[in-house]
Amino acid sequence: DDAGAEFSVAARWAADARALCDWDAMPPALDVAHPEGGAVPADRGERKRQQLLNVALFVAPALRLNPRAKVVDFGAGGGHQSLFLARAFPEATFCLVDLKRRSLEVASRRVQQAGLKNVRIVHGRIEDFREDFDVGVALHACGGASDAALSRCVEKKATFVVAPCCVGKIANSAKRAETTTTTTNTCDTACDPKTDDDADDDDDDETQKISYPRSRLARRVLAFDRYVSVARAAD
């Protein structure tokens, strides 16, 4: 029946994700919990592995359908959520976009150590990325950076897997009377940053004027200050 078929598909996706996350079979540079990998503290390594399993659960089916897809990792940091997939899908191309130079240096080192040939590093703002692509990924793109990533995906009609964080930060630079806000893509320790090398640079802000609430329906029932309260509560 339909329920059984849906369960079968879900079970296949889960089994595929677990196989893709066989950390012992990977080069150490691609294991987020390995000292040669993403520089994540030991006490967070297993939690990060679980997060990446969840990313694989949803990204892998898109790549099975289109093995030659172009994947863009927005707010990529050290490349945790995309480099292990780049190894598993060598015919796909992966583009890592971030504004933090030090994080991208970590990603570049890992690419070289793992011998990956299908990864490109782009230093720049999410808002300025205008290339065509098939799949967009954003894991822990703080505050409005997730909105910027979603906008790029919708604009390009791309499949997307986005897990936002720190949504309360959308109001960091906003005035109460305004309906726009400056957003930043900088994580504090509470939101589990991608790499310990993600310390703020002077040019790390990813800014964009975005109207909030994004939804017309939400704007009809929530004034901006109320929306900010809801966003902060969500954090």
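The chain folds into seven helices and seven strands, where helices (H or I, at least four residues) and strands (E, at least two) are DSSP runs, numbered from the N terminus. This is a predicted model, in which local features need pLDDT of at least 70 and side-chain atom pairs count only at pLDDT 80 or more, while totals for chains, interfaces and linings use all residues. Residues are numbered from 1 along each chain as its sequence is written, and side-chain values use heavy atoms, with hydrogens and water left out.

**The chain as a whole**

- Among contacts (heavy atoms within 4.5 Å) in the chain with a separation of 6 or more, 72% are between residues 24 or more positions apart.

**Strands β4 and β5**

- Strand β4 (residues 135–142) and strand β5 (residues 159–165) run parallel and are joined by six bridges, and two strands pair if DSSP finds at least two bridges between them.
- Leu139 has Ala163 in β5 as its bridge partner.
- Together with helix α5 (residues 145–155), β4 and β5 make a right-handed β-α-β unit, where right-handed means that, with the strands pointing away from the viewer, the path from the first strand over the helix to the second runs clockwise.

**From β1 to helix α3**

- Gly77 lies in the loop between β1 (70–74) and α3, and this glycine is buried, with a relative accessible area of 0%.
- Although Gly77 and Asp98 are 21 residues apart in sequence, their C-alpha atoms are 6.2 Å apart in space.
- Gln81, within helix α3 (residues 80–88), counts as buried because its relative accessibility is 1%.
- The side chains of Gln81 and Asp73 are joined by a polar contact of 3.0 Å, a term for a pair of N or O atoms within 3.5 Å, of which, within protein, one must be able to donate a hydrogen and the other to accept it, and residues adjacent in sequence count only if both atoms are side-chain atoms.

**Cysteines**

- The whole structure was searched for disulfides (pairs of cysteine sulfur atoms within 2.5 Å), and zero were found.
- Cys165 is in no disulfide, and the nearest cysteine sulfur, that of Cys142, is 3.5 Å away.
- Cys165 is buried at a relative accessible area of 11%, and Cys95 counts as buried at 1% relative accessibility.

Notes. Buried < 20%, exposed > 50% of the residue type's maximum accessible area, 1.4 Å probe, protein only.
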